[in-house]
Amino acid sequence: MAVITISRQNGSLGDELAEYLAGKLNCAIISRSYAMENFFGESEEISEKLSDSAKLFLTEVSGQSGVTYKDILTNRINEIADDSENLIVLGLGGCIMLKDRQDVINIRVIASMETRKKRIARRYNVTPEEAESTVTIGDRKHKRFVSILFEQDLSEAEIYDLTLNTDNLSVEECAQAVLALAGRRAQRSRISNETEKDDSIDHQSDTPVFKNETEAEFAKILDMYGIEWMYEPKTFPIEWDEEGNIKMAFSPDFYLPKFDLYLELTTMEQKYVTKKNKKARMVMDLYPGTNVRIVYKKDFQELVERLKSFGG
Amino acid sequence: MSLILDDAIDIKRIVYDEEAIAKRVKELGAQITEDFRGEELIVVGVIKGSVYFFSDLTRAIDLPIKIDMIGFGNIPDTTSKTGVVKITKDIDVDISGKHVLVVEDVIRTGLTTAYLIQNLESKQPKDITLATMLLNPDRLLMTIPVKYYGFEISDSWLLGYGLDSKEVGRNLPYIAELANKI
């Protein structure tokens, strides 16, 4: 489904979120300790030195001309991501390291100093002052590591897709938000990949603006049934002129990812219905494997009726 | 023929009589028996419409099946004007890793069936197939796995053998067409 990178402040529950998500997605976590144990050979000395000095990551690996420890770190994580259905990268500047991948979701987990201090003090049975010192040192180390390796400030908001403040959010609530986002991202990637392979046009980034009340009402019906939908995520060109310019295209109103199905609403006159039917057939002919169904006025009315008196 | 069931319900004609229904249910039962021989099958009826079809069909399946029923309804929700659809009676038997056959009275758009499938899939059965007494293939919007159906129907208002009109008429032993929509 996705590669999820988690950057976190000390005591923000970022580690707990990573563990929880790994359990839900049944996937591995690449953390700093995992990388040190598995990426740099059997020499404990090197791993220890890398743990102590971020600058060492920029030096050449002995016997490998032009290859730095940073390269090894980046390449190994990308390789594992390529081979995994899901993966969590905790810390390590994962959000910057993997920024060119389409399947990545970058999460930042934060909390107020007051909350983090309390958590650390309780967890390690230390005074609030000691907790504050632990939190501050930890944050500084993370920041320095990312700054040295990638020359970027990890507290910059724009490098993340989603920032979660755990002052008032539980790990489970955060996980639900991340999983929902990951699910949508996976669908978006799939549609984007399809549009790269055929002539259809991807406009998933557009904000859904319903053209009429019927569409808004239909979206409500789908919501009521808990059926996930996307509004006009794609346009299918269906007729071209001799120079290859698009003469006619069709953008079905709704896409239901779970059922891999496009729905076009028609509550208008019969002559438009016939036209829409023709367009739907053309899409299915020109784009094999694409399912388009027309929702007729009577279907729509029946569904609306059910809202009033639910039958079963 | 025009039978007046009560003041409001006017039956135009009987579409499928008791004999036709019994014959078709027997055929479906035999087909399901053949398809699931040697497999573990759980048959789930959808409350309330499927109750008579479910009862007859399960007795026509000559296999040691388990049965259960599921019900759902529209629950008012503070965040939505239309409310949300929720399971009001969930299944009690464990369906994980098992074949599940969902039994419906009628499938038109398939939206309610799609909702049920989504819900049952979260319990990780081996697979889910559908049996419905009546199917309107022209109206089917959703891509759902209808494998067994009794009769194809078109756009008419039907009653009996589980189908109701304002909760009346479910217990008629035949399927009838209403003279007009109630």
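At what angle do the axes of helix 1 (residues 14-25) of chain A and helix 8 (residues 171-197) of chain A cross?

A: This is a predicted model, in which local features need pLDDT of at least 70 and side-chain atom pairs count only at pLDDT 80 or more, while totals for chains, interfaces and linings use all residues. Residues are numbered from 1 along each chain as its sequence is written, and chains are lettered from A and ligands numbered from 1 in the order in which they are written.

The axes of helix 1 and helix 8 of chain A cross at roughly 55 degrees and come within 10 Å. Axes here are lines fitted to C-alpha atoms, for helices over the stretch in contact, and angles run from 0 to 180 degrees between N-to-C directions. Helices (H or I, at least four residues) and strands (E, at least two) are DSSP runs, numbered from the N terminus. Helix 1 of chain A and helix 8 of chain A are therefore oblique to each other; angles under 35 degrees count as roughly parallel, over 145 as roughly antiparallel, 65 to 115 as roughly perpendicular and the rest as oblique. The crossing of helix 1 past helix 8 in chain A is right-handed. A crossing gets that name if the near helix is turned clockwise from the far one by less than a right angle, and is left-handed if anticlockwise.

On the helix 1 side of chain A, the residues that meet helix 8 are Glu16(A), Leu17(A), Tyr20(A), Leu21(A) and Lys24(A). Their partners in helix 8 of chain A are Val171(A), Glu172(A), Cys174(A), Ala175(A), Val178(A) and Leu179(A). Two residues are in contact if their C-beta atoms, placed from the backbone, lie within 7 Å. By class, this contact of helix 1 with helix 8 of chain A has eight nonpolar, no polar and three charged residues. Ala, Val, Leu, Ile, Met, Phe, Trp, Tyr, Cys and Pro count as nonpolar, Asp, Glu, Lys and Arg as charged, and the others, Gly among them, as polar.

Helix 6 (residues 113-124) and helix 7 (residues 128-150) of chain A pack at an angle of about 110 degrees, with their axes 8 Å apart. That makes helix 6 of chain A roughly perpendicular to helix 7 of chain A. Their crossing is right-handed. Met113(A), Arg116(A), Lys117(A), Ile120(A) and Ala121(A) in helix 6 meet residues of helix 7 of chain A including Pro128(A) and Val135(A). The contact of helix 6 with helix 7 of chain A divides into six nonpolar, one polar and three charged residues.

Ile105(A) lies in strand 4 (residues 104-110) of chain A. Ile105(A) is buried, because 21 other C-beta atoms lie within 10 Å; the cut-offs are 20 or more for buried, 12 or fewer for exposed, and in between for partly exposed, with C-beta atoms placed from the backbone. Leaving aside neighbours within four places in sequence, Ile105(A) is in contact with Ala2(A), Ile4(A), Asp161(A), Leu181(A), Ala182(A) and Arg185(A). The C-alpha atoms of Ile105(A) and Val3(A) are separated by 6.3 Å, although these residues are 102 residues apart along the chain.

As for the chain around these parts, chain A has eleven helices and twelve strands. Buried residues make up 30% of its 312 residues.
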